[in-house]
Amino acid sequence: MALSLHNTISRKVEPFIPFDPTGKKVGMYCCGPTVYDFAHIGNFRTFVFADLVRRYLDFRGYEVTHVMNITDVEDKIIQRVAEQKTTLGEYTARYQDAFFEDLKILNCVDPHHIPKATDHIPEMIDLISKLMERGIAYQAPDKSIYFSIEKYQGCGCQYGRLVKLNFEEMRQGKRVSDDEYEKESVADFALWKTRVNEDGEVYWPSPWGEGRPGWHIECSAMSMKILGTSFDLHLGGEDLAFPHHEDEIAQSEGANVQEEGKPFVKYWLHGAHLLVEGKKMSKSLGNFYTLRDLLDKGYNGHEIRQLMISAHYRETFNFTLDGLAGARTALNRINECVTKLRGVAANTQTDPATEVITKFTTALDDNLNVSSAWGVVFDWVRDCNRKLADNSMDAETAAAELAAWELIDTVLGVSVDQEEAPAELAELMKERTQAREAKDFSRADAIRDELASKGWTIEDTAEGPRLKRL
RNA sequence: GGCGGGGUAGCCAAGUGGUAAGGCAGGGCUCUGCAAAAGCUCUAUCGCCGGUUCGAUUCCGGCCCUCGCCUCCA
């Protein structure tokens, strides 16, 4: 068995075979955030999905180079910088910092490279120059540089591979007549936007005059700089397939920098969007959540992460607060089981149990069938609990199962170590034990209440009482 | 209109040509001073109509509903 992934470009699930002849090295690029505001949980679904891919590739033994960009120059940002009379760097830093804090809370592994658009203006100019040289890009009367779809197609390239488009229909659209673009053709997109008054101090020099990059060019320039002109995986939200990714392909392949016969990107993966309580997130519906909103409701990052990766990435996922409560319970169940396994395993060290790992791997190899993988995990939890309940779990087995879980959790990233209770609470617990031995149950219950008020509870187990976070 | 996802128990969600994983919620039981945890157990004619087949939720055709994209968008 080997890993298969759905490739948007072929619309099929294909065996994953990296460019690297040894099949080890994998280049992966994920379109990161545009830092014009706080990211919402819908954005994070995509980033958690990318993190799952990254972690699974690591788990499968690939040597992954994971790149996630930061788009820190773009229309909305420029507009807000002007409104708030701040600088670009100051404005974007705030949202960028918040974004990485949130990623950490969601237990996402850091990408190896996090390039920023504003740090790669020369690379973009270089790429645009190549397109100009080939005659695929042109300067419009307004001085902006546009990508010519027609010229691109004239070079034998195909435009519209990720999404089937009907240009005839599009031409008849209302939007066309309303637009004041100076482009030669509506489908053309901006590579370099010439400086206008509203841009304020946000501009860079270029061979075509002062201005700033168009929206798509940064991803082409940065991904190829770091991963090479052809790389294995490119991911993003489904809405990015068109026009963003389509245009990335056009720019990158239009520059003709790839080796003969090699595409810009081999596998395109797109994550579906999130609905909240069955509806598209919107502020007026009151179902618009940032990660902070959910943390304020008392949920933690692991719970939110679990819910986000409980369903397949290619399907629209309905995010609900009920679901989040369910994720908490489900996760607690796993953590309970793991804690018990730790207790039985004590310090025994051994290799991971193979059965659960094999099943888990089989599930995820099939285009990241994470629902099925969770099924494997919960079946495993029940099996372990059964053995723990009837005392047929010896230290060796427990250690093996534990090691297996730890390996699985390098992919899922949801496990939390049980919190150690403060000493004074442990004292209270001892007092309760004494009260119970003296059959002073009212005192015992009073201590239980006192602990509960501090957020802890006592569980009487076969090995004696233990303190647990409520 | 074009293109692409979906419709499986109260909710979320896998899956298969031979009557359907898992999670949450709910009911019953065991265990427990109480509780928790855990275990056992109960809860689905798989959107509708045809067709193919010994047999379809799974394949084919049609229909209905729903969501997304069609140059702001994860």
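Predicted model: local features only at pLDDT ≥ 70, side-chain atom pairs only at ≥ 80, totals over all residues.
**Domains**

The domain assignment divides chain A as set out below.

| Domain of chain A | Residues |
|---|---|
| Domain 1 | 16-271 |
| Domain 2 | 275-412 |
| Domain 3 | 423-469 |

Taken over C-alpha atoms, the centres of domain 1 and domain 3 are separated by 57 Å.

**Surface near RNA strand B**

Around RNA strand B there are 67 residues, of which Gly-42, Gly-237, Gly-326, Gly-375 and Asn-385 come nearest. By class, this surface has 24 nonpolar, 23 polar and 20 charged residues. Helix 14, which spans residues 370-389, gives the most to the surface near RNA strand B, contributing 10 residues.

**Packing of helix 2 and helix 3**

Two packed helices are described by the distance between their axes and by the angle between those axes. For helix 2 (residues 75-83) and helix 3 (residues 88-105), the axes come within 9 Å and cross at roughly 115°. Angles of 65 to 115 degrees count as roughly perpendicular, so helix 2 is roughly perpendicular to helix 3. The crossing in which helix 2 passes helix 3 is right-handed.

On the side of helix 2, the contact is made by Ile-77, Arg-80 and Val-81. Helix 3 supplies Leu-88, Tyr-91 and Thr-92. By class, the residues of this contact between helix 2 and helix 3 comprise four nonpolar, one polar and one charged.

Definitions and conventions:
Residues numbered from 1 in each chain as written. Chains lettered and ligands numbered in written order. Axes fitted to C-alpha atoms, helices over the stretch in contact; angles between N-to-C directions. Helix = DSSP H or I, 4+ residues; strand = E, 2+ residues; numbered from the N terminus. Parallel < 35°, antiparallel > 145°, perpendicular 65-115°, else oblique. Left-handed = near helix turned anticlockwise from the far one by under 90°. Contact = placed C-beta atoms within 7 Å. Nonpolar A, V, L, I, M, F, W, Y, C, P; charged D, E, K, R; others polar. Domains from an automatic or database assignment. Near = placed C-beta within 6 Å.
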